[in-house]
Amino acid sequence: MSPSIKAEQQSITLEGRSLTKTYHTGAVDVHALRGVDISLYEGELVVLLGPSGSGKSTLLNILGGLDSPSSGRVRFRDTEITDGDESVLTHYRRFHVGFVFQFYNLIPSLTASENVSLVTEIATDPMDPAEALTLVGLGERLGHFPAQLSGGEQQRVAIARAIAKRPDVLLCDEPTGALDSETGILVLEAIERVNRELGTTTAVITHNTVIGEMADRVIHFGDGHVVSSERNATRRAAGELSW
Amino acid sequence: MEVEGAAHRTPWGDPVRALNKKLVRNLWKLRGQVLAIAIVIASGVAVLVMSLSALQALTETTEAYYERQRFGEVFASVKRAPQRLIEQIRTIPGVRSVDHRIKYLATLSIEGFEEPVIGQLVSIPEGAQPKLNQLVLREGRLVSPGHPDEVVLSEPFADAHGMQPGDSFQALMNSNLRTLTVVGVALSPEYVYTIGPGALMPDDHRFGVMWIGREALEAAYDLDGAFNDLSLGLLHGTNPQDVIERLDQLLERYGGTGAIPRAEQISNWFLMNEIEMQKTMSTILPTIFLAVAAFLSNMVLGRLIATDRSEIGLMKAFGYSNRQVGWHYAKLVMAMAGVGIILGWAAGAWLGRVNTEIYAEFYRFPLLIFRPDPGVFAIGAMVSLIAALAGSLGAVRRAANLPPAEAMMPPAPPLYRKTRISGSRFILWLDQPTRIILRQIVRAPFKALFTSIGIACSVAVMIMALQWLDSIEKIVDVFFHDAQRQDMMVGLVETQSDTTLLEFRRMPGVLAAEPMRAASVEFHAGTRTHRGAIEGIPDDPQLQRVYDAGGRVVQLPPEGLLLSTALAEKLNLDIGDRVQVDVLEGRRPKRTIPVVDLYETYIGMTAYMNIDAFNRMMGERGSLEYVTLLVDDSRLPALYKELKALPKVAAVTLKDAAVREFNKTMAETILIYISFFAAFACALGFGVVYNSTRIALSERGRELATLRVLGFHRGEISYILLGEAGLLILVGLPLGVLTGAGLGWFMTSAMDSELYRIPLVIKASTNAIAVLVTLAATLLSAAVVRNRLDHLDLIAVLKTRE
Ligand SMILES: Nc1ncnc2c1ncn2[C@@H]1O[C@H](COP(=O)(O)OP(=O)(O)O)[C@@H](O)[C@H]1O
Ligand SMILES: [Mg+2]
C-alpha cells in the first residue's frame, strides 16, 4: 500500500506499528492482533470493518490507551505512549482521547449535563457542557438523568461527553450496536458533525458495511490483521445511509 | 452453562454439577469477602464459646475441688468451747462430720519485709489430714507430732515471700514471740480467696494462712481440750439453715457469733461473687456480640447476593426453579458461615481454655476441668447460620421472584430525580464526583444507613468492652482516694477500751488516729434479711469518712443508721423506716433502729452508726476494735516495728497496698477477658468496613471503570468509593459512641452485686480509642479496596452490558 498524495500532505495523529496482542487464557493462546500497522491522519474519519472476534476492539483499546500491546508501538503525535506508565496513559486519555462504546456507560446518578461536566471539569480547554450537548442535538435535555433518556439519546450524551474536552482523537466502538437503524443514524450524524466541525480525528468500529460509506477511509479487519484500506472518493452524509 | 441435571433432580442435596462448579468458583472469586464475613461470624461465635466454656470450666473446677478436699458446708466460730460439745453437735440431724479446730490471727515478722504481716493460724491434727477442708500439699510435708514449731504455709503466701520448707520466721502468738519453721506448702479449698480481715482483695504479702499442729496451738492459747472454730459436713439433701439453727443454740453460751452456710464463707463468697460476675459478663457480652455479628453478616450477605441478581435471572431463564436457585445460594451462604463458625469454634475453644487457665492460676486451683459443653458450640453455630441464611435468602427470594428477563436487566434502573438537596444551589458548589457520592447516598439511604449502623455496632461493642477500665478506675478513685483519708487501718485482737487510742496516738509517725467498731449483725425488714456488719465511727470523722459516690461527705447522725443505697434496696428500706438489728456478737442485743440517711458506695454494702450509739447498743463503754491512722511516711519503719511488737494488733491494712492489690486483681481477671473482647470488636469493625466497601466496589465497578476511561486518575476514582465510605463512617462513628454508652449502661447495671456496683464511666479517651481503632480498620480495608481499584480491568467491565 503506497500512501496517497493527500495522505502525505496530512500529518499523522495516531499511529500503531507492528502491534500484536496475545491473551493467555487457559490452554490455548488467543492471538487477537497479529502484527497491525495503522495510521490515523489529522482530521479524517476512518471506519474499521470486520467480523466479530477479529480484533477490532482490542486494537481500539490499545490505540486509546486502555490496554497495552504484547509487542509493537503506539505513537500519539510525537509521544510514544506504549512505554508510558499508568499516569502517562491516564494523562493521554484525559486530555487527548474521547471514547464512545456500544454500551453508553453514563453515570446514572448524574444528569446529562453533569455527565458532560465530569469531563469538562478536568480538561484544559473544554467546551461548555451545554454547547457539547447542543452539538449532538440534545440542547433541550440538559437536566435529564440517564434513566429518563432513550438509548439513542444516552449514546449522544456519551458522544457529547467524549468530545466536550475537544479531544484530538475520537474512538467509537460499535456506537450503534445497541440501537435501531433510525436512532443509529442520529448518533452517526452527531459523530459526523463533530468530525467535520471540530476536525477531530475519528475512528468508528462497526460490522455494518453501510456505515463505511460515510468515512474518508475504510479499513477492513480480519483475524488480527489489516486486510485492506481504501479511500472513499466521496463521503456520504450519515443522514443518507440506511440499513 | 450446563442445564443437564437441572430438570429432573430434586433440589435438596442433589449434585447439580454446573451450579456446584459455579458455587466453588464464586467462593473462590469472593475469597476476600468470604474471609471478612467469616471473621465477623467467627468473632461472634468465638466470644460466646470462649465465655461460656470458661465460665463452665470455672464452676466445674470449683465444685470438683471442693468435693475432693471436702470443703465444709457450715462454719462457726466461738470464743472457747469444750471438746465434749462435739458429741452433741454430731447428733444434730443432717450432720455427717464435724471438724473442730483452733484459729487465731498473729502478727508475723518476716526477714526482709518491713511492714507487719498478719498470719491466720489454723490448727490441723499432727501427722494427718483434717476430716474436712483437707489440704493439697504442694511441697514438703504436713506437721508431725511433737514439733510445735512446724508450720505449713499456704502457697500464695509462701510464693509472695519466696519461702520454702526449711525457712523460718517469727510470730507473735498470745504475747509470746515464737520462731516457726516451714515444713510444707499447701492449698486449701477454704482459702481460695485469701482475704485478710477488713480487706477487699487478697494481699498475699501482708496476709497469709498457715497450718500448725493442734497441740501447739492449744498450748499457745491455753485451749487445752477446747476449740474456737467449727466446720461441718452435711448429709446429702440437708438444709444448712436447719443445722445452723440447732448449732447456734448449742454454741450461744460459748460466745458463738452465729454459724454460716458455705455460701457465706468468706473465700467462697468472694469466689462465687466473681463467678456470678463472670456469669453476667459471659451471657450478656457475648449475646450482644453475637447479635451484632449476626446482624452484620445478615446485612452484608444480603447486599452481596443482591449484586448477583442478573445471574439469578439467567439461571431461571435456563429453567432452574426458585427452590433450586434458593438452595444454591443457601449452600453458598452456609459455606461462608461454615468457615466462620469453624474458625469461631476453634478460636473460642482455645481462648476459653486460655481464659480458664488464667483463672485457675489466679485462684491456684490444683486441678482444672475444661470440658466445654457441645451445646454452647451448637448455639453459636445455629444463631450465626440462621442470621446469615435469613439475610441472604431474603435477597435471593427478591431476585428469584422477578421474571427472569427483568432480573437480567440492570438492577432496577436507578432513577434519579431532582430532590430538594440535589437541585438546590448548594450542589452547584460541588464537583461531579462529590455529586455522585451524595446522590448515591440519597438514592439508597437504607443501604447507606446499614453501613453506618455496622460501623456504629463495632464502635459500640468496643466501647462497651473498654469502658470497664474507666469504671474500675472510677471505683478506685472514689472508694480509696476520695472516701478514705487514712493510710492504715489496724485491727485489734479483741474489743479494747478507749485508752488504746491514746496509745496509738503516741506511736511514732502517727498524725491522727480514730476509733472504729464493727460487729456482725443480721438485718430484718419485713420478710427480707441481710447478714452483714455495722461499723461504728466517731462524730465528724476526719479519716474514715462516709463518702457518697456522688461526691458528698455524708454527715453521720448521732443516732440511727446510715445505710448504703444497695443495702436499703435489698431490704426495701427508705429514710425514716425502722430496721430490726440482731447483733451476733457480745451480748447479742436485738434492737429496732431507724434509718436516718442513705449513701451510695461502689464496693460492699456497709451500714454506719455513731460509735457512741454503737457502744450503747452493745451495752459496752467506750470501746473499739479498729484504729484508723494517718501517718508520716518518713517514720513508717519505726511505726511498723512497734506494731509488730504489740500483742493487741491482729491486722494491719495499708491503703496503698490495698489499691495496688485491687488493681492487680482486676488486671489479672476482668481485664484479660476484656482485652479479648476488644480484639474481637476490632475484627468485627474490619470485617464490616471491608465488606461494605468491597460490595460497593462490585456494585459500582462499571461506573468507576468509565471514569478511568474518561481520564480520571486512580486517586480520583478512589475518592468516589472511599469518599462515600468515609461519609458513612463519619455518620457511624458518633452513632457508635452513643450506642456504646447505651450498651455500657446496660452492662454495668446488669453487673450489680452485693460486692460491687459498677458505675458507668466512659472517658473521652475510650471513645477516642474505639473511634481510632475503627478508623484504622477502615483504612486497612480501604487500602485493600484501593489496591483492587488500581487493578480495575477497564476493558472487561466495559465489554459487558450493564
Ligand atoms: N480479555 C480477553 N481474554 C481472552 N481473550 C480475549 C480477551 N479479549 C478479547 N479476547 C479475544 O481476542 C479476540 C479479539 O477480540 P475483540 O478485539 O473483542 O474482537 P472484535 O472487537 O473484533 O469482535 C477474540 O477471539 C476474543 O475472544
Ligand atoms: Mg468488539
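**View 1. Ligand 1 lies between chains A and B of the predicted model.** A shell of 13 residues surrounds ligand 1, and the closest of these are Gly53(A), Gly55(A), Lys56(A), Ser57(A) and Thr58(A). Sorted by residue class, the shell around ligand 1 consists of four nonpolar, seven polar and two charged residues.

View 2. On the backbone side, a polar atom of Gly53(A) is found 2.6 Å from an oxygen atom of ligand 1. Taken on its own, ligand 1 has 560 Å² of accessible area, of which the protein covers 69%. Two or more residues of the shell around ligand 1 come from each of the chain A elements β1 (12–25), β2 (28–41) and α2 (56–63), and it is α2(A) that supplies the largest share, with three residues.

**View 3. Chain A and chain B meet in a contact to which chain A gives 28 residues and chain B gives 29.** Between them the two chains bury about 2,800 Å², and 62% of this area is on carbon and sulfur atoms. Which residue of chain A forms a salt bridge with Glu716(B)? The partner is Arg94(A), whose side chain meets that of Glu716(B) with an N to O distance of 2.8 Å. The count of salt bridges between chain B and chain A is five, and 10 residue pairs, with both members at pLDDT 80 or more, are in polar contact between the two chains. On the side of chain B that touches chain A, the elements giving two or more residues are α14 (432–443), α21 (670–709), α22 (714–750) and α24 (794–799) of chain B. The largest share of that side comes from α21(B), which gives six residues. By residue class, the side of chain B that touches chain A divides into 12 nonpolar, five polar and 12 charged residues.

**View 4. Glu15(A) and Arg75(A) form a salt bridge within chain A.** Side chains of opposite charge can pair when their charged atoms come close. For Glu15(A) and Arg75(A), the closest N and O atoms are 4.0 Å apart. Because Glu15(A) belongs to strand β1 of chain A and Arg75(A) to strand β4 (residues 71–76) of chain A, the pair ties together parts that lie 60 residues apart in sequence. Over all chains, the count comes to 50 salt bridges.

How values were computed:
Residues are numbered from 1 along each chain as its sequence is written. Chains are lettered from A and ligands numbered from 1 in the order in which they are written. This is a predicted model: local features need pLDDT of at least 70, side-chain atom pairs count only at pLDDT 80 or more; totals for chains, interfaces and linings use all residues. Side-chain values use heavy atoms; hydrogens and water are left out. A residue is near a molecule or strand if one of its heavy atoms lies within 4 Å of it. A polar contact is a pair of N or O atoms within 3.5 Å; within protein, one must be able to donate a hydrogen and the other to accept it, and residues adjacent in sequence count only if both atoms are side-chain atoms. Accessible areas come from the Shrake-Rupley method with a 1.4 Å probe; for residues, only the protein chains shown count as cover. Helices (H or I, at least four residues) and strands (E, at least two) are DSSP runs, numbered from the N terminus. Ala, Val, Leu, Ile, Met, Phe, Trp, Tyr, Cys and Pro count as nonpolar, Asp, Glu, Lys and Arg as charged, and the others, Gly among them, as polar. Contact means heavy atoms within 4.5 Å. Buried area is the accessible area (1.4 Å probe) that two parts lose on being put together, summed over both.
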